[in-house]
Amino acid sequence: MSLQWALIAGFLYLEIAVVLLLVLPLISARRWQSFFKSRFLQTLSSQAQLYFLILLAILILFFLDAIREMRKYSDKEHTADHQHLDAEMQSTMRLFRAQRNFYISGFALFLSLVIRRLVTLISTQATLEACSEASMKQAQSATQAAKQMMTSPKEELQELNNEINELKKELAKEKLDKEAVLRQSENLSEEYDRVSKLNSELERKLAASEPSKKDD
């Protein structure tokens with residue numbers, strides 16, 4: 001295997017490992033999102049599209065070259081039916097290499113597109129999870145606020161009832177105190193009338209006894 005195809009094969013193995021890491025549920029979408037937004041990747045994100053297009057163009061060129069080699073040696077295999085056995089074996093080996101290079105470059109090209117799509121889907125999933133969590137928190141806070149609004153009038157009504165009951169008790173107490181004062185005032189007025197009558201009777205008696213003393 002030549003150097004360029006060894007590099008393509010190594011890149012293919014790296015892509016397989018990356019796809020396995022992205023697909024396996026070992027790392028959550030949020031952790032992948034935080035990794036994608038790391039400082040190192042953020043510095044590369046401005047030129048990531050350019051790098052991807054260059055890589056895609058290189059893989060397409062190798063893929064087309066592998067197709068050309070396959071067609072070239074497959075045509076030679078059909079035309080070399082009566083040639084020497086060594087030449088036929090050499091042509092078959094070259095065709096096998098061309099087919100191997102075709103599969104390597106094709107899978108590398110396919111997995112590069114798959115990785116790009118997986119990264120986009122993981123980022124979208126992380127964003128949707130963050131939005132759904134924020135929506136759930138807002139819904140929970142709104143539910144708690146609604147419950148508080150529903151329970152607060154009951155509490156206020158209970159407080160008003162308690163205040164009314166206390167006012168009724170105070171009013172009843174004041175009525176009792178007023179009735180006691182009224183009874184005391186009535187007793188005092190009756191006592192005053194009785195004392196006034198006694199005083200008037202004493203005055204009459206004194207007035208009746210004074211002429212008799214003068215006659216003596």
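## Close-up views of a predicted model

**View 1. A salt bridge joins E133 and K137.** The closest N and O atoms of E133 and K137 are 3.8 Å apart in this salt bridge. A salt bridge here is a side-chain nitrogen of Lys or Arg within 4 Å of a carboxyl oxygen of Asp or Glu. This is a predicted model, in which local features need pLDDT of at least 70 and side-chain atom pairs count only at pLDDT 80 or more, while totals for chains, interfaces and linings use all residues. Residues are numbered from 1 along each chain as its sequence is written, and side-chain values use heavy atoms, with hydrogens and water left out. Both E133 and K137 lie in helix α5, four residues apart, about one turn of the helix. Helices are DSSP runs (H or I, at least four residues) numbered from the N terminus. E133 is partly exposed because its relative accessible area is 32%, whereas K137 counts as exposed at 53%. Buried means under 20% relative accessible area, exposed means over 50%, and partly exposed lies in between (1.4 Å probe, protein chains only).

**View 2. D65, R68 and E69 form one network of salt bridges that share partners.** The structure holds three salt bridges in total. In one of them, D65 pairs with R68, and the closest N and O atoms are 2.9 Å apart. In another, E69 pairs with R68, with the closest N and O atoms 2.7 Å apart. Side chains of opposite charge can pair when their charged atoms come close. D65 and R68 are three residues apart in helix α4 (residues 48–79), about one turn of the helix. With a relative accessibility of 27%, D65 is partly exposed, and so is R68 with 44%. E69 is buried, because its relative accessible area is 17%.

**View 3. Ring pairs link F63, F102 and Y103 into a cluster.** Two aromatic pairs are found in a search of the whole structure. One of them, F102 with Y103, is edge-to-face, with 5.4 Å from centre to centre and 65° between the planes. Rings of Phe, Tyr and Trp (its six-membered ring) pair if their centres lie within 6.5 Å; planes under 30 degrees apart count as stacked, over 60 as edge-to-face and the rest as tilted. F102 is partly exposed, as its relative accessible area is 22%. Y103 also counts as partly exposed, at 48% relative accessibility.

**View 4. E159, E163, E166, E170, E174 and D177 form a negative surface patch.** Patch residues have over 30% relative accessible area and no salt bridge; like charges are joined within 9 Å, and nonpolar side chains (Val, Leu, Ile, Met, Phe, Trp, Tyr) within 5 Å. Asp and Glu count as negative, Lys and Arg as positive, and His and the chain ends are not counted. One member of the patch, E170, is found in helix α5 (residues 85–215). E170 counts as partly exposed because its relative accessibility is 47%.

**View 5. I8 is a buried residue of helix α1.** This helix covers residues 3–23. I8 is buried because its relative accessible area is 7%. The C-alpha atoms of I8 and F62 are separated by 8.8 Å, and the two residues are 54 residues apart along the chain.

Terms used:
Areas by Shrake-Rupley, 256 points an atom, 1.4 Å probe, with all protein chains shown as cover. Charge placed at Lys NZ, Arg CZ, Asp CG, Glu CD. Helix = DSSP H or I, 4+ residues; strand = E, 2+ residues; numbered from the N terminus.
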